[in-house]
Amino acid sequence: MIYRRFLGMPGWDFRSQYGELERVRRQMDRLFEGLAGQGQRTTAGVFPLVNLTENKDSFFVRAELPGMSSNELEIQATANSVSISGEREIPAEQAARYHRRERESGRFSRVVSLPQEINPDQVEAGLVDGILTVTLPKAEIAKPRQISVK
Amino acid sequence: MSESKEIKLKGKQEVTAQAEQTTPGVVFTPLVDIFETEKTITLLADLPGVKADRLNIDLRDNVITIVGDISPVEGKDEEDLVVEYETGRYYRQFTLSEVVDQNKIDAKLADGVLRLTLPKVEKATPRKIAIKAA
């Protein structure tokens, strides 16, 4: 399983100047994965973790944000990146004794670079069962075109 | 109000010690908050992607088990480019130290967060005992 990882750092332009660096980093990742066993994923170390997928028309950025409502989230898109920020509030219970407190609250902000240009005017976002899905339609020039052979 | 802090990344915790699964897949430990008031014990669990009909809560012999299955959200034609988190079943078990009134347990699931209210049985709620002066 080899994933194309180019989101090592927010704002990295993986296609040009950092291409070589990124290649080396990926090799290191694979080396460490081999040492530490499976399940190790290199991430940007910034909340929230995101998954990026694509089909021929769009990119999809997904993040797990349980307990958040859409008005607590702010999503901004440019031609080649999308930023997700917000604040997760967990109200403290009155007169309660806490036994465990693992769920975290606070602010977060994350920028995800996209491998191709998108159309920022047609970006859509949905929040269902605590999972955010941002649909980013690819720009016309970035879409693959079927070329018929004569 | 004090300045809010930034969320630190925790990552998802995989379950390690558990009976072997019959179905393949990764199992995660959901993050929980547990707090107690005089009358109830409340458990909040983060279960992103779990729908109410695929969540099972089981209480027997003072052990409460939460099992949540997720439904895939990705479309069939989507190809992975970056995978930072994986999805799978959620599983967590707790032993309750106090007797809970099984008939009055209340569970709500909203926006991927489960809120489980476990009322203590009457005799377990503390009673004030007046001390008479001798």
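Colleague: Which residue of β8(A) is the bridge partner of A:G126?

Modeller: A:T133 is the bridge partner of A:G126 in β8(A). This is a predicted model: local features need pLDDT of at least 70, side-chain atom pairs count only at pLDDT 80 or more, and totals for chains, interfaces and linings use all residues. Residues are numbered from 1 along each chain as its sequence is written, with chains lettered from A and ligands numbered from 1 in the order in which they are written.

Colleague: What makes β7(A) and β8(A) a pair?

Modeller: Two strands pair if DSSP finds at least two bridges between them. Strands themselves are DSSP runs of E, at least two residues, numbered from the N terminus. Five bridges join β7(A) to β8 (residues 131–137) of chain A, so the two strands pair, and they run antiparallel.

Colleague: What is the strand order in the open sheet that holds β7(A)?

Modeller: The order is β7(A)-β8(A)-β2(A)-β1(A)-β7(B), with antiparallel pairing.

Colleague: Why are β7(A) and β7(B) at the edges?

Modeller: Each has a single partner strand, so one side of each is left without a neighbour in the sheet. On average, neighbouring strands here are turned by 20° against each other, direction ignored. The axes behind that angle are lines fitted to C-alpha atoms.

Colleague: How do you know that β2(B) pairs with β8(B)?

Modeller: Two bridges join β2 (residues 27–29) of chain B to β8 (residues 89–95) of chain B. That pair runs parallel. B:V27 stands opposite B:R89. On another partner, β6 (residues 63–70) of chain B, β8(B) has six bridges and runs antiparallel. There B:I66 stands opposite B:R92.

Colleague: What makes a set of residues a nonpolar core?

Modeller: Its members are buried Ala, Val, Leu, Ile, Met, Phe, Trp, Tyr and Cys residues, joined through C-beta atoms within 7 Å. Buried means 20 or more other C-beta atoms within 10 Å of the residue's own, placed from the backbone. The largest such core has 20 residues, with B:V32, B:L43, B:L44, B:A45 and B:L114 having the most contacts inside it. β3, β4, β6 and β10 of chain B each give two or more residues.

How values were computed
Helices (H or I, at least four residues) and strands (E, at least two) are DSSP runs, numbered from the N terminus. Axes are lines fitted to C-alpha atoms, for helices over the stretch in contact, and angles run from 0 to 180 degrees between N-to-C directions. A residue is buried if 20 or more other C-beta atoms lie within 10 Å of its own, exposed if 12 or fewer, and partly exposed in between; C-beta atoms are placed from the backbone.
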